[in-house]
Amino acid sequence: MNPNFLQTPIDYLKGVGPNRADLLKKELGIHTFQDLLNLYPNRYLDRTQYYKIGQLQQTNAEVQILGKITHIKTVEQKRGKRLVATFRDETGILELVWFRGHKWIRENLKLNTPYVVFGKTNWYNGSISMPHPEMELLADHEKSLRSAMQPVYPSTEKLGSSGITNKVINTLMQQVFTETKNTFAESLSQPILQALKLLPKNKALFNIHFPQSAELLARAQYRLKFEELFYIQLQLLRKNMLHKAKIKGYPFNVVGNFFTTFFEEHLPFSLTNAQKRVLKEIRADLGSNAQMNRLLQGDVGSGKTIVAFMAMLLALDNGFQACLMAPTEILSAQHYNGLLEYCDKLNIGIALLTGSSTASQRKEIHAQLNSGQLHILIGTHALLEDKVQFKNLGLAIIDEQHRFGVAQRSKLWHKNEFPPHILVMTATPIPRTLAMSVYGDLDISVIDELPPGRKEITTVHRYDANRLKVFRFLRDEIEKGRQVYIVYPLIQESEALDYKDLMDGYESIVRDFPQPTYQISIVHGQMKPADKDYEMDRFVRGETHIMVATTVIEVGVNVPNASVMVIESAERFGLSQLHQLRGRVGRGAEQSYCILMTSHKLSADAKTRLETMVRTSDGFEISEVDLKLRGPGDIMGTQQSGVLNLRIADIIKDSAILKIARSYALQTLQADAGLASPENQPIKNTFAQLVKFKNIWNYIS
Ligand code: ADP
Ligand code: MG
């Protein structure tokens, strides 16, 4: 069959007039035969059984009944009309009811003719009704392509009320198969089909729409999911390979004085194996001639900063400058202060640039950057300002990826002639296979090991009613010399309300922890940066016992003596936020605690989040639960919507298939990058078609 045949506009399919074509386009985005073929059922119903009306049970199961309509009437109601048809078999009577689309239905229903009806039943005052049944004349039912399972297609209210029922879609699908004679070009190579024992394309497509058995349906689904994920991976991997071939980077060939001296004389601990492995991966990238684009994933506290610093030293060893960008002033300052000590020892010029740097500070920084006197610049978004001109920026590191968009990343690129190497660090780890799919243009390193000697944080969930007990516990900990965080939610839409919550909370804490025995810091978004810094400083220096804060402390702050994290209204936080907050404690030698305070009113999702937090502190496990609760869309934001538009695969549930698909895509490209071999022709053709008809661009940003 000519592959372009599938691109025939849907208007030309028998049974689709201009009205239906319009609806299919608007409601389901179906423009061509191909689009219709790719409309995969949401679910399948077992329609091998017929029920008798007299034997119906009061359940919510969908049932299939054989009978005849004996009477049709329109019933006036307070809110509009409904259409009621009396439907009977030899054992009883049932009412079929429609609230919408009367005209079309009334004109088409046949009296005293055998029908098969299908749907859920409602029971009221001893009578049974079936709202909006699916129905089919028995004669047609017997003629139609027999399937063990009845597919249920995605639909919309508009489609339903315009008469484009599931049955109609099913008929159209039959029509496509008749017109194309079910001869679709194979889209995978024989070696792959054989290795994985996949159904051929024709058989898979047929069984996805007209399953001949449960087993064939399962195999059809597997094959089509594999195919979908395979082509996404092929596209991503190709992009990555092209990038490496095309985008040159400065090769950092030398491991020089800065790196070696630091490693041998100043590194305050020995690196974990995971840190060593990641550093090796980074060094390999930096030593190649291509630009590095790497994502470093590592749980809170896994020690990403030191890895970042050592990568910067490699840049310096090769005569280049480096920068480190963080999402908040507090975090930038913390990075700066942490690295300043090392830099002094190594005689490295380092500076901090944020929104609150003064004009004269900026002037000096700009000048020193330009002259090359300054080696390392740390800061916030301020680094992206046009006035910030490096002499030769070789490496840019971005901390906390999810707060910076791709656009900002590429802004760093345009700072000098060649793009600098880029290292993006995130403490919101996502499962590796998912990361490989969403951050397709990045290579990925993972620190999957915490530095030794970390104590497991004890996490508990407490209701507000137990607040007094919790406060007593806090007093005990403070008495032992520990410090405490108490965090309130801050959700932008209700900032004023949140602020009030925070202030009310603060007042009650001040009452329960009176001065001068207790000293309290407070930090929130409405304070001036200088005041925030002042309050933070007091806490960091141990002058205050309690830090009351909104989520501004979420990222990065490091106060090893703080051993208790109390999270107020914990049900309002997302899982990754809770995990980040908990990561603020457990940094010292003491046993640490995280106390999740909530009201008694908890949604099912909130309960799952709290239970997850209590059960585990593994960031990867937590992000997997988070993905299941929220779907990947909310987690990655809008920037990588690609993987969300999958037709049949589910990026989370089908991660095992994703892994296999990726490894086959990789093998294919490694063996035959141009897809030139005869056996890869089906792949080459399919890929070209996907690109030509933009079917694949949906997936990739
Ligand atoms: P994160 O990955 O969350 O950014 P950091 O880089 O802030 O973590 O490291 C957390 C803490 O662990 C810091 O105090 C750091 O000095 C310490 N640390 C990092 N690596 C090691 C190591 N290999 N051994 C001991 N402590 C380490
Ligand atoms: Mg960090």
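The shell around ligand 1 in this predicted model comprises 4 nonpolar, 8 polar and 3 charged residues; here Ala, Val, Leu, Ile, Met, Phe, Trp, Tyr, Cys and Pro count as nonpolar, Asp, Glu, Lys and Arg as charged, and the others, including Gly, as polar. Of the 15 residues around the ligand, Q275, G301, K304, T305 and R454 come nearest, a residue being near if one of its heavy atoms lies within 4 Å.

A side-chain N or O atom of T305 lies 2.6 Å from an oxygen atom of the ligand, and a polar backbone atom of G303 is 3.1 Å from a ligand oxygen atom. A nitrogen atom of ligand 1 is 3.0 Å from a backbone N or O atom of S270. The protein covers 77% of the 560 Å² of accessible area that ligand 1 has on its own (Shrake-Rupley method, 1.4 Å probe).

The largest nonpolar core contains 53 residues, and F226, L229, F230, Y231, L234 and L377 have the most contacts inside it. Such a core is a set of buried Ala, Val, Leu, Ile, Met, Phe, Trp, Tyr and Cys residues joined through side-chain atoms within 4.5 Å, buried meaning under 20% relative accessible area (1.4 Å probe, protein chains only). Helix 9 (residues 214-246) supplies the largest share of this core, 8 residues. Apart from this core lies another, of 41 residues, among them L267, M292, F309 and I348.

Residues are numbered from 1 along each chain as its sequence is written, and chains are lettered from A and ligands numbered from 1 in the order in which they are written. In this predicted model, local features need pLDDT of at least 70 and side-chain atom pairs count only at pLDDT 80 or more, whereas totals for chains, interfaces and linings use all residues; side-chain values use heavy atoms, with hydrogens and water left out.

Conventions
A polar contact is a pair of N or O atoms within 3.5 Å; within protein, one must be able to donate a hydrogen and the other to accept it, and residues adjacent in sequence count only if both atoms are side-chain atoms. Buried means under 20% relative accessible area, exposed over 50%, partly exposed in between (1.4 Å probe, protein chains only). Helices (H or I, at least four residues) and strands (E, at least two) are DSSP runs, numbered from the N terminus.
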